[in-house]
Amino acid sequence: MGYIGAGPTRFNTADELTVTGDAEFNGDLTVKGTHITLDSATVQTVDLGDNDKIRLGDGDDLQIYHDGSNSYVSDQGTGNLRIYANDLVLANNDGSETFLYGVNGGAVSISYANSAKLATTATGVDVTGTAVTDGLTVAGNVSVDGGTIKLDGNYP
């Protein structure tokens, strides 16, 4: 039995309910069906089961879900997945270890075991540790221990 206005009203499963104005449910709301459409909403928590997806866009272009083992943010549409922030931090689940840190208008660093190993600077990049590469092309001179080696075959 449901209560609409001042008196009780009964609905059978074939009826529709349209509410014009605000509605308040004092308890849980269970919706059985395949689609819920919200024009705008303020929600504190949305609980979904494994493999249930939040799908955004007319063609379900952006999907957010968990499959029981892994979590996904999946861009299924055309174009790029863009993440906008003043500063960007990719870290482990409790925030104690940073993998990538990008500063708005400044440096980007990639870390190993919470220690920056590759960082951009105003003049290029800094590598902390050993750089292992299967090839190297250098434009211009290379400075080694304060000296310069010319890579055009003319050595000092």
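Visitor: In E10, which residue is the bridge partner of Thr120?

Guide: This is a predicted model. E9 covers residues 115-120, and E10 covers residues 125-127. The two strands run antiparallel and are joined by three bridges. In E10, Thr120 has as its bridge partner Val125.

Visitor: Which residue takes a positive phi in the hairpin of E9 and E10?

Guide: This hairpin has four residues between the strands. The positive phi there is near 160°. The residue that takes it is Gly124.

Visitor: Which residue has a positive phi in the hairpin of E8 and E9?

Guide: Two residues lie between the strands of this hairpin. The positive phi is near 55°. It belongs to Ala113.

Visitor: Which backbone atom does the side chain of Ser111 reach?

Guide: Ser111 sits in strand E8. Set aside its neighbours within four places in sequence, and Ser111 is in contact with Thr98, Phe99, Ala116 and Lys117. For one of these, the side chain of Ser111 comes to 3.5 Å. The atom reached is the backbone nitrogen of Ala116.

Visitor: Why is one side of E3 and of E5 left without a neighbour in the sheet?

Guide: Three strands form an open sheet in the order E3-E4-E5, with antiparallel pairing. E3 (53-56) and E5 (71-75) stand at the edges, so one side of each is left without a neighbour in the sheet. Each has a single partner strand.

Visitor: Which residue in E4 stands opposite Leu56?

Guide: E4 holds residues 62-66. E3 and E4 pair in the antiparallel sense over four bridges. Opposite Leu56 stands Leu62.

Visitor: Which residues are closest to the centre of the largest pocket?

Guide: The largest pocket holds about 1,300 Å³ of space. It is lined by 24 residues. Closest to its centre are His35, Ile36, Leu38, Val46 and Leu48.

Visitor: How many residues in the lining of the largest pocket are charged?

Guide: The lining can be split by class. Ten residues are nonpolar and eight are polar. The charged residues number six.

Methods:
Residues numbered from 1 in each chain as written. Predicted model: local features only at pLDDT ≥ 70, side-chain atom pairs only at ≥ 80, totals over all residues. Heavy atoms only, no water. 1 Å grid on protein atoms, 1.4 Å probe; cavity = no way out; pocket = protein on both sides within 12 Å on 5 of 7 lines; lining within 4 Å. Points joined across faces, edges and corners; volume = space filled by probe spheres on them. Nonpolar A, V, L, I, M, F, W, Y, C, P; charged D, E, K, R; others polar. Polar contact = N/O pair within 3.5 Å; in protein donor to acceptor, adjacent residues only side chain to side chain. Contact = heavy atoms within 4.5 Å. Pairing = 2+ DSSP bridges.
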